[in-house]
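Subject: Structure handover

Hi,

Here is the structure I promised to pass on. Please open it first, then read my notes below.

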Amino acid sequence: MLERLTVSNLVLIREADLELGPGLTVVTGETGAGKTILLGALGLILGARADGAVVGPAAAEAYVEATFAVEPDDLADEAFEGVREVLPDDEDALVLARRVTAAGRGRALAAGRATTREALERAGERLVGVVSQHEARA
């Protein structure tokens with residue numbers, strides 16, 4: 001379950017920190033409020049390819065981070081290969097992050113340690129379901 005999403009310098013969002021409760025989360029708002037940018041942030045966490053155009057105008061890099069509540073048994077799934085190896089043994093939350101520079105270079109992190117974008121993508125397929133007007137992830 002997604003517990004928290006932190007976004008820094010992503011397109012027009014300078015700083016955002018969302019704490020999410022259990023169950024279904026629905027994000028609504030006026031046109032231009034940033035809903036699509038938040039989905040883009042989540043996409044980066046879930047392994048989407050990085051592009052320097054996502055970096056806000058006042059920064060050299062964008063940073064997105066998500067905290068997920070996971071059960072130790074869930075991490076045994078092969079989808080978490082490349083992520084579980086860097087997690088501390090006593091950790092009950094999975095923190096995934098991405099850094100993207102204005103030059104388009106990206107860095108994937110799990111529990112603050114380097115991993116691959118592909119590892120985030122595999123883990124993300126098990127962690128999140130997103131349904132939106134233009135995009136769906138199962």
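Asn9 counts as buried, at 19% relative accessibility. Buried means under 20% relative accessible area, exposed means over 50%, and partly exposed lies in between (1.4 Å probe, protein chains only). Asn9 lies in strand E1. Its phi is near 55°, a positive value in a residue other than glycine.

Before you go further, note that this is a predicted model: local features need pLDDT of at least 70, side-chain atom pairs count only at pLDDT 80 or more, and totals for chains, interfaces and linings use all residues. Residues are numbered from 1 along each chain as its sequence is written, and side-chain values use heavy atoms, with hydrogens and water left out.

You will find Val11 in the loop between E1 and E2. Val11 is partly exposed, with a relative accessible area of 33%.

**The overall fold**

How many helices and strands are in the chain? There are three helices and eight strands. Helices (H or I, at least four residues) and strands (E, at least two) are DSSP runs, numbered from the N terminus. Along the sequence, the pattern reads β-β-α-β-α-β-β-β-α-β-β. The radius of gyration is 14 Å, close to the 14 Å that the globule rule gives for 138 residues, so the chain is as compact as a globular protein of that length. That radius is taken over C-alpha atoms, and the globule rule is 2.2 Å times the number of residues to the power 0.38. Along the principal axes, the C-alpha atoms fill a box of roughly 40 × 35 × 25 Å.

Of the 138 residues, 38% count as buried. Helix H1 covers residues 35–45. Its buried residues include Ile37, Leu38, Ala41 and Leu42. Gly43, Leu44 and Ile45 are buried in H1 too.

**Salt bridges**

Side chains of opposite charge can pair when their charged atoms come close. A salt bridge is a side-chain nitrogen of Lys or Arg within 4 Å of a carboxyl oxygen of Asp or Glu. A search of the whole structure finds six salt bridges.

Start with Arg4. It forms a salt bridge with Asp17, and the closest N and O atoms are 2.5 Å apart. This pair links distant parts of the chain: Arg4 is in strand E1 (residues 2–10) and Asp17 is in strand E2 (residues 13–19), 13 residues apart. Arg4 also meets Glu19 in a salt bridge (3.5 Å, N to O). That pair links distant parts of the chain as well, with Arg4 in strand E1 and Glu19 in strand E2, 15 residues apart.

Asp17 is partly exposed, at 44%. Glu19 is exposed, at 62%.

Now look at helix H3 (residues 117–127). The side chains of Glu121 and Arg117 meet in a salt bridge (3.6 Å, N to O). Both lie in H3, four residues apart, about one turn of the helix. Glu121 is partly exposed, with a relative accessible area of 33%. Arg117 is buried, at 15%.

**A negative patch**

Which residues form the negative surface patch? They are Glu3, Glu71, Asp73, Asp74, Asp89, Asp90, Glu91 and Asp92. Patches are made of residues with over 30% relative accessible area and no salt bridge: like charges are joined within 9 Å, nonpolar side chains (Val, Leu, Ile, Met, Phe, Trp, Tyr) within 5 Å. Accessible areas come from the Shrake-Rupley method with a 1.4 Å probe; for residues, only the protein chains shown count as cover. Asp and Glu count as negative and Lys and Arg as positive, while His and the chain ends are not counted. The place of a charge is taken as NZ of Lys, CZ of Arg, CG of Asp or CD of Glu.

Take Asp73 from that patch. Asp73 sits in helix H2 (residues 72–75). Asp73 is exposed, with a relative accessible area of 69%. Asp73 and Leu94 are 21 residues apart along the chain, and their C-alpha atoms are separated by 13 Å.

Best wishes
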